[in-house]
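Visitor: Hi! Could you walk me through a few spots in this model, starting with how some of the helices pack?
Guide: Happy to, let's bring it up.

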Amino acid sequence: MDIHEGGVIRNCVIKLREDCKKRRDKVYVGCGAGFGGDRPLAALKLLQRVKELNYIVLECLAERTLAERYQVMVSGGDGYDSRISDWMRLLLPLAVERGTCIITNMGAMDPPGAQEKVIEIATSLGLSVSVAVAHEISLSNIGSASHEKSYLMEGGISTYLGAAPIVECLEKYQPNVIITSRVADAALFLAPMIYELGWNWDNLEQLAQGSLAGHLLECGCQLTGGYFMHPGDKSRDMSLTQLLDLSLPYAEISSDGKVCVAKAEGSGGVLNFSTCAQQLLYEIGDPGAYVTPDVIIDIRDVSFYPLSSCKVLCAGAKPSAVSVPDKLLRLVPKDYGWKGWGEISYGGYECVQRAKAAEFLVRSWMEEVIPDVSGHVISYIVGLDSLKATGLSDSALYRIVSDIRLRMDGLFKLKEHAVQFTTDFTALYTNGPAGGGGISTGHKKEIILEKYLVKREHVFWQTAVKHTRVMKSNKIGIGFPDGIKTSPHVSVFPFSEASEVDSSIDVPFSGRNSPAPSGQKIPLYDVAHSRAGDKGNYLNFSIIPHFPPDVERLKRIITLQWVKKVVSTLLNSSSFPDTEAINERDKWVDENVKVEIYEVKGIQSLNVVVRDILDGGVNCSRRIDRHGKTISDLILCQQVVLPPWLGRSRTLIA
């Protein structure tokens, strides 16, 4: 039997809470997933290792996920993330036993559909649970008998909601699980802080600190050593054993806004100033005005103070001068033509020249059938320049490589053009240069997400809850990937002393305590570390010096023109651009690419934003690295000559 309760429809205009009861002095909020492809077993380990957790958040929606889910749904599939079954089957038993509430945005386009699935799973496990939903709704179809799911936003449209719908779920239902539609990542974590610690919407200092905690947690293991280990950087190297046993992060938040982030005791990975600094600037634009639906945050004075090998104090976030946005960000999917692509491998003597010939042939064949279409195609050679770090004219590498793969990507207005491209590419088997093999081709419809700002009063949401009432415990076992069967309430991953990493081991991740050398060419790797992120067609990357005072010298190197020059090769449409193509590229970069460089004094670092550089962004980019994530290391490869060090202190200040 299940019981359903529905809530009233509300808009996003901020209304102060009437009951701001403080339920705890501290709340513990963990991150169980940092993206849709994260590892459920890692979330279970966090639950097992950190018994204090009051909430665990599964953040699984990327920018384009809702639009893709809508397309799946209108084709007869699920509008929610179908992996929610795997996650809930694994986590629910222990979460219910511990009293840990699960919050997730895996509802995507259809949170009520996901709610039904979770109720079904809980019933099969013999669990009595309450499952709430909090989601944006469309008023145009409400009450329509002809619209089976009248609450759905049409066409995959989505708006970034804040914490309020989740707070209402907690206030009204005290559920075991909350499933949402699109909610700003940091707000998923902020909501339980507001509810438990008695904060109100005008407690902006606390909201800023809470949102900082959410931003640090939202990408999961990126805070605790994931996406950080680098054998080429002594300050970031770690053993494979350390990397294998990463702990997902969690935060301890006090009612006064004090924030500590942590990883499980005895786990691997690393949590320190450097990992926190990288995550602080990840996917950030102006650090003086980081916009969330609940508060606009100034993070320029944020810094980090390690309390132990597993815990870091985070301080310095504050509300920006304009502290609350009056509009919310809405994403509207639009058709953007058809993608067509092809790959072929060449090896041995002069393989690069054969790839060049193959590219020439495919472009020429396309022009014979569809004039002027070649400009819609880009090409690159995997194993040589696929990341567009440099042009082949700048390197002699092509003379020595003997194992490459040519890839060509085209974005066309018409489906038949994409199909024609794959047909012409396949013709290389009998009409191209010698020794090509392993051809693969494909085509697909592409979308982009156009961004609009919408007034709060025009965005609506609703909450509801369903309860299971299990009359008789169902003691069926849970099936795990390795075939283990266990009672729902028995831990399946006991950690022996041999399997734990000794967190007392001193791992050299504290950077450098003296300035980098001056007056000679050195790779930027020797001076700083970095992480790149993307938002639509915008790229950001951090420059975090190993010796923090070196930021003053880096400011003289990392200029607007330096950045433009370094990233310009990303726009090469071929591996073999001629002088005219290079001149046209550089002219386009000068006229269209905007660079912004921000100093973040709290961590003595730089945040660089490059606009209109990612070939349209992740939704439609023809680049092999559609997110631009590899660009951080391409930046760090650059040779620089630092000016002389003029500082007095050669001691690293924490």
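Guide: The axes of helix 10 (residues 351-369) and helix 11 (residues 415-426) come within 9 Å and cross at roughly 135°. Axes here are lines fitted to C-alpha atoms, for helices over the stretch in contact, and angles run from 0 to 180 degrees between N-to-C directions. Helices (H or I, at least four residues) and strands (E, at least two) are DSSP runs, numbered from the N terminus. Before we go on: this is a predicted model, where local features need pLDDT of at least 70, side-chain atom pairs count only at pLDDT 80 or more, and totals for chains, interfaces and linings use all residues. Residues are numbered from 1 along each chain as its sequence is written, and side-chain values use heavy atoms, with hydrogens and water left out.

Visitor: What does that angle make helix 10 relative to helix 11?
Guide: Oblique: that angle makes helix 10 oblique to helix 11. Angles under 35 degrees count as roughly parallel, over 145 as roughly antiparallel, 65 to 115 as roughly perpendicular and the rest as oblique.

Visitor: Which residues of helix 10 and helix 11 meet?
Guide: From helix 10, V362, W365, M366 and V369 meet H417, Q420, F421, D424 and F425 of helix 11. Contact means heavy atoms within 4.5 Å. By type, the contact of helix 10 with helix 11 has 6 nonpolar, 2 polar and 1 charged. Ala, Val, Leu, Ile, Met, Phe, Trp, Tyr, Cys and Pro count as nonpolar, Asp, Glu, Lys and Arg as charged, and the others, Gly among them, as polar.

Visitor: And how do helix 5 and helix 6 pack?
Guide: Helix 5 (residues 164-173) packs on helix 6 (residues 185-197) at an angle of about 40°, and their axes are 8 Å apart. That angle makes helix 5 oblique to helix 6. I166, V167, L170 and E171 in helix 5 meet A187, L188, A191, P192, I194 and Y195 in helix 6. That contact divides into 9 nonpolar, no polar and 1 charged.

Visitor: New topic: how many residues of helix 9 are buried?
Guide: In helix 9 (residues 273-280), 7 of its 8 residues are buried. Buried means under 20% relative accessible area, exposed over 50%, partly exposed in between (1.4 Å probe, protein chains only). The buried ones are S274, T275, C276, A277, Q278, Q279 and L280.

Visitor: What covers them?
Guide: The cover includes helix 7 (204-217), strand 10 (259-262) and strand 26 (538-545). At the N-terminal end, N272 caps helix 9, with a side-chain oxygen 3.0 Å from the backbone nitrogen of S274.

Visitor: Where does S574 lie?
Guide: S574 is in the loop between helix 14 (560-567) and helix 15 (579-592). S574 is buried, at a relative accessible area of 11%.

Visitor: What does its side chain reach, then?
Guide: The side chain of S574 reaches the backbone nitrogen of F576 at 3.0 Å. There is also a polar contact of 2.8 Å between the side chains of S574 and E359. A polar contact is a pair of N or O atoms within 3.5 Å; within protein, one must be able to donate a hydrogen and the other to accept it, and residues adjacent in sequence count only if both atoms are side-chain atoms.

Visitor: Last one: what is the phi of E350?
Guide: Phi of E350 is near 55°, a positive value in a residue other than glycine. E350 sits in the loop between strand 16 (327-347) and helix 10, and counts as partly exposed at 37% relative accessibility.
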